[in-house]
Amino acid sequence: MEPVTFTTDDAARLEGEVRTPEGEPRGSAVLCHPHPRHGGSKDHPLLWAIRNDLAATRRLVVLGFNFRGVMGSGGTYGGGRDELRDVAAAIRTVRERAAPELPTALIGWSFGANVAVRAAIDDPRVAALALIGLPLVPNDLSLPPLPDAADLRALRRPVLLLAGEHDTFSPSAEVETYATGFPQATVRIVTGTDHYFWRREREAASIVGGFVERVLTPA
């Protein structure tokens with residue numbers, strides 16, 4: 001694991017960690033963490049599990065980072081809007097490490113999923129998108145609105161929507177409905193768990209990793 005720092009286009013200096021695979025990489029990935037004001041950071045066990053799976057099993061260069069204002073990252077919380085700049089800078093950074101011609105997956109969890117889907121709409125560098133526990137029902141997180149059906153139709157790249165069976169932020173019925181707006185969407189609901197995937201992190205990571213491997217490095 002290699003610590004890195006990088007700077008956004010509005011001069012916020014962010015901290016992250018890059019994990020590289022053994023051998024030649026087959027692509028790259030960026031991980032977006034949960035809500036900064038509810039304890040979210042790059043260091044959650046679920047994100048560690050996903051990072052390990054993508055690097056060790058799928059041979060991707062993976063960047064986990066802290067959004068602005070979190071831990072050692074500069075700047076201040078941007079309400080989910082300025083964080084779009086953070087994602088753009090993270091994608092640039094990981095692609096420089098892997099090779100710009102290799103495909104890049106963008107993976108977000110909860111608040112990070114809300115930011116990731118909005119970032120992917122306008123960023124052609126994102127070849128695949130995984131949204132974990134995407135908040136789809138009214139809640140106290142004060143998140144920006146999600147892309148509407150017209151915007152989703154323009155996202156002609158593979159998308160995974162993953163949620164726990166008992167996720168109150170991302171109920172399975174709402175996940176299935178929202179997925180219909182994407183041209184290419186896969187839905188996976190993990191039984192017996194909720195928004196946090198406690199003790200099911202490796203299982204969730206394997207689902208994400210399998211999806212990314214299939215769509216970025218098909219046989």
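## Terms and model

Helices (H or I, at least four residues) and strands (E, at least two) are DSSP runs, numbered from the N terminus. The structure is a predicted model, in which local features need pLDDT of at least 70 and side-chain atom pairs count only at pLDDT 80 or more, while totals for chains, interfaces and linings use all residues. Residues are numbered from 1 along each chain as its sequence is written, and side-chain values use heavy atoms, with hydrogens and water left out.

## The sheet

Eight strands form an open sheet with mixed pairing, in the order E1-E2-E4-E3-E5-E6-E7-E8, where two strands pair if DSSP finds at least two bridges between them. Strand E1 (2-7) and strand E8 (185-190) are the edge strands, each pairing on one side only.

Within this sheet, strand E3 (residues 27-32) pairs with strand E4 (residues 60-65) in the parallel sense over 5 bridges, and Leu31 stands opposite Gly64 in E4.

## Helices on the sheet

Helix H2 (residues 83-98) packs on the sheet, touching several strands, among them E1, E3 and E4, where contact means heavy atoms within 4.5 Å. The direction of H2 makes about 150 degrees with that of E4; axes are lines fitted to C-alpha atoms, for helices over the stretch in contact, and angles run from 0 to 180 degrees between N-to-C directions. Helix H3 (residues 111-121) lies across E3, E5 and E6, and runs at about 145 degrees to E5.

## A positive phi in a loop

Phe197, in the loop between E8 and helix H6 (201-216), has a phi near 55 degrees, a positive value in a residue other than glycine.
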